[in-house]
Amino acid sequence: MAITTLAKAKLRSARDDIKNILQSASGEIKAAEECKLKLEESRKEVTELLGDTFYEIDQQHSPKGLGAESKKQPQPLKRDLNHVPPQSTKSGFSYFTTPKKTADPNLLGLQKEVDEHLKKAKESYEAAKKLAQNYTDKDLPEIEKIVNQTKLSSIYQGYQFNVDRQGIEDFLNQKENINKDRLDENDVEALMVWAEALSISMGQSIKAVKELFNYVQAEYYPENANSNLIIKDMYELRLLYYQVESALGLETVDRKKDIDEFQGEIDSYSKPVETMIENWLGNDPNHWASLLWAKDYFAENKYIQYLQKAKHNAMMQNELGNIYVAKGEYHVAIKHYEYATKQDRRRPIYECNFGRTFGDLGQWDEMIQHCTRAIELRRYALTDEFGMDYYYEFLSEAYYKAGRLQDFEDILEKTDDFKDAPQNKAIVYNRLGNLCANDARDNEAIAYYQQAIQHDPQKPIYPCNIGISYGKITKWNEMITHCEQAIKLRRTTPDDSYGLDYYYNFLAEAYFNAKRLEEFEDFLEEANDFENNPEELATIYNRIANLFFVQHEYEKAITHYQNAIAHDSQKPIYECNLGRTFGDLSRWNEMIQHCARAVELRRNVTSDPYELDYYYDFLAEGYYQSGRLQEFEEGVFKKTADFENEPEKKAVVYNRIGNLLANDTQDREAIIYYQQAIQHDPQKPIYQCNMAITYGKLKEWDEMITHCRQAIGLRRTISDDSYGLEYYYNFLAEAYFNVNRLEEFEGFLEEANDFENNPEELATIYNRIANLFFDKYQDAKAIMYYQNAIAHDSQKPIYECNLGRAYGNLGEWDAMIQHCARAVELRRQAVSDPYELDYYYDFLAEGYVKANRLEEFNNILEEIDNLKTEPHKKAILYNNIGNWLFEKYRHEDAITYYQKAIVQDSQIPIYECNLGRTYGNLEKWDDMIHHCGKAVELREKAVSDPYELDYYLEYLKEGYRKAGRITELKDNLEKAT
């Protein structure tokens, strides 16, 4: 059943529960408080349901590639806590959503005008209040709030129908004028539930209700429906009602038996439903109701086929656009959105989706044009389900990415769209802050977050986002101040999207990095915010443990994981994290113990962001590392019934064992486990690919070719794989390259024609081939393939950079400068890129140094705006220039640039060490000792550094020896010891 239906069923159950409470309490204040509590519980359940479900949709569980973690859920222990993106105030569920179709008010005998809708809403509210027979005047505001918040299906968003006998009669009188194609899933659900509500609350209308139900069955369901689907719908509705009762603790003794019985009935109707849908669509390919069911029951490819057969109305075209966006096929999606906007020029969401897809292609001017049009339409679409701020957020993104941020600010300040809603304007400023923060423009981000606070000073997320940005530039005290402000606001904002623990997690991070963790723990204890919520307190201890884990302080991490478990002993991830930490200390038996406990807990929890196989992955690792792999396989894994009906999850674990063996170069053994994975899930391309990669490590290229081609064949038939077709083609290219059959590969590539509509993916393959030639020092051939990659995707900075580097290897420095400069230009405009801007500047600098045009590059460097606010990145460039000059024995020049690096970032040990070594090459031993000694001091204080302390000590010792200061060296070493 659709997620929305489940959510509405829960809310409907909350309605009934609230009604009973009000009746039994006879209008006392206590009754109203209980209602509010029950409502909050129900709303929380619905929020969790929606959150978990969408999380699973967006983060499909997928197997791991060799040497890489899974692309499913992020693993808490490996999260980069210093780069947590600031959160939006929106849930994110509405991205590319098809708006709910509302029945045309004219066809239902209602007037178009908004004031008439509001009038009908008020009448519906009054009717809903009658459901609670006993209430006092004090209760009325609370009941109105309940009705408004839950948006009960029985009143269909408050204005669709009058809930009285006259309303039914008016509807039935108008039904001949209603085109059944205008009814959609929401209309029918509303009518069904409305009929149910009336049959309960207004017995005198039973005859009219029955007539209504019969009408819906006759008009909405196809003529040849044999009522199986209708019966199944009713069973599902009743089953959900029982399940919600159970969740609220209201079930009867026999409720479990009832649930099992209804589930059995539903299962018995499942197969005929698919057959009926196919029959109905065969008779009427335009039947929207059947198409909606097809989406629930059929695989995506099959659903798309039915959509394409149907007449091309706006809603179907928008739906197709959404599907192709999810698949990453943006050019195809654009065609469907364009058709949707031409068919229905009134819907803002179609224009917005159209514009956002241009944004996915980096075409910002087109995104601006369509998002602007969406805003214009939204001014007149008063019933649109997305607020004006929703569209402004995407317009802001387009202007930002186009480098026209000031233009957008002018628009935002001049518009009257938020005249009466400053809190919505705050949302847009927050989005601007997020955009800047995600590009490490943290000082600008802070300014926008401050604007958001100015327009809405009561929203906790805004000061929290400021705090996070201060944290990214290591201003921990400022981060502490703003996170504490967020916590203070959150205490008085119970309806905030983020729990108190969310804000405490960032406060913990700030105190941790400021070396004031003990002070944080005092603050936590004194505030006593979690006295009745130990589970939330557990998340904070888990976060602190993660911070220690990242810094390899495993003993302290263990203490805090244990503390998390003490406050919430039922959360599998805490046990798993504790087990993994013991694993990093090579305490494998303890890893096994805690990961086994995580598995046990996961069996019994109803919701968890990680599937059971996730925990089995780490349990397998514990057994493997302890040399007890056979014990795991024979004694644990083969005997478990956990995956009896889910062989594909068992395959994930076999794949993990294969990865462990492959990473230890036990390639023959790894192949055996990949074969096991394939046996349990023969449709997963990554298993064939992993086996191919392993054969490649053994230089068995023909086997690698065979399995890569099988992976490609499988990938063509599935759309939800975490890896694109080009991923598998890249390994196939590598195999053919290594057997000198590249021409044969190119023939296969051309004949398959898999990338006709995705030239960007084809470009990655040409880049991969070029890299293979580059690694073999065949730079001329590499250049040819890099140029081919650019011909298919001219917007990817890395291709231009790679081309520039290949020219550099041939000593063609001017060509290197030209292409690396182009890479820098593209990176400034890129939506996303795995390499930061300074990465490309590094190679540009190298080109200028090697071309003896360093002064020219210095002028460029001084004009780089983003490096003015990020001195640490400028320091990296200066250090690299120093290194290149050092290699050319230009030691005096190298010293100048190392000194510049230190001015920009004085806390990095390697800069001082490099400076010291260069003085050493000039036999200035006292200077060498001074700077290498400074490097040692900095390294002793450093949180992390790629070089161990011994590295710096060696150069310090060398300086003392060459200066003939051996006694002084011994004294200093003894003091250090």
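Reader: Quick one to start: is glutamate 634 buried, partly exposed or exposed?

Author: Glutamate 634 is partly exposed, with a relative accessible area of 38%. Keep in mind that this is a predicted model.

Reader: OK. And which residue does glutamate 634 form a salt bridge with?

Author: With lysine 638; the closest N and O atoms of that pair are 3.4 Å apart. Lysine 638 is partly exposed too, at 41% relative accessible area.

Reader: How many salt bridges does a search of the whole structure find?

Author: The search turns up 49.

Reader: Give me the big picture, then. How many helices and strands are there?

Author: There are 48 helices and zero strands. The protein has 977 residues, and 53% of them are buried. Looking at contacts with a separation of 6 or more, 61% come from residues 24 or more positions apart.

Reader: Back to charges. What does arginine 656 pair with?

Author: Aspartate 617, through a salt bridge whose closest N and O atoms are 3.5 Å apart.

Reader: Switching to α21. How does its reach compare with what's expected at 1.5 Å a residue?

Author: Helix α21 covers residues 476-491, which is 16 residues, and reaches 23 Å from first C-alpha to last, close to the expected 22 Å.

Reader: Which of its residues are buried, and what do they pack against?

Author: The buried ones are Trp476, Met479, Ile480, His482, Cys483, Ala486, Ile487, Leu489 and Arg490. They pack against α20 (461-472), α22 (500-513) and α23 (517-527).

Reader: And arginine 491, what's its salt-bridge partner?

Author: Aspartate 529, with the closest N and O atoms 2.8 Å apart. Arginine 491 is in helix α21 while aspartate 529 is in the loop between α23 and α24 (534-550), so this pair links parts 38 residues apart in sequence. Arginine 491 is partly exposed at 41% relative accessibility, whereas aspartate 529 counts as buried at 19%.

Reader: What about aspartate 905, where is that?

Author: In the loop between α44 (891-904) and α45 (909-921). Aspartate 905 is buried but has no salt bridge, and the nearest side chain of opposite charge, lysine 934, is 11 Å away. Opposite charges can pair when their charged atoms come close.

Reader: So what lies 3.3 Å from a polar atom of its side chain?

Author: The backbone nitrogen of glutamine 907. If you leave aside neighbours within four places in sequence, aspartate 905 is in contact with His872, Ala875 and Tyr911.

Reader: Last one: which residues of α41 are buried?

Author: Helix α41 spans residues 854-862, and Leu854, Phe857, Asn858 and Leu861 are buried there. Viewed down the axis of α41, those buried residues fall within an arc of 110 degrees, so they line one face of the helix.

Technical notes
Residues are numbered from 1 along each chain as its sequence is written. This is a predicted model: local features need pLDDT of at least 70, side-chain atom pairs count only at pLDDT 80 or more; totals for chains, interfaces and linings use all residues. Side-chain values use heavy atoms; hydrogens and water are left out. Buried means under 20% relative accessible area, exposed over 50%, partly exposed in between (1.4 Å probe, protein chains only). Helices (H or I, at least four residues) and strands (E, at least two) are DSSP runs, numbered from the N terminus. The arc is that of the directions from the helix axis to the C-beta atoms. The expected span of a helix is 1.5 Å times one less than its number of residues. Contact means heavy atoms within 4.5 Å. Lys and Arg count as positive and Asp and Glu as negative; His and the chain ends are not counted. A salt bridge is a side-chain nitrogen of Lys or Arg within 4 Å of a carboxyl oxygen of Asp or Glu. A polar contact is a pair of N or O atoms within 3.5 Å; within protein, one must be able to donate a hydrogen and the other to accept it, and residues adjacent in sequence count only if both atoms are side-chain atoms.
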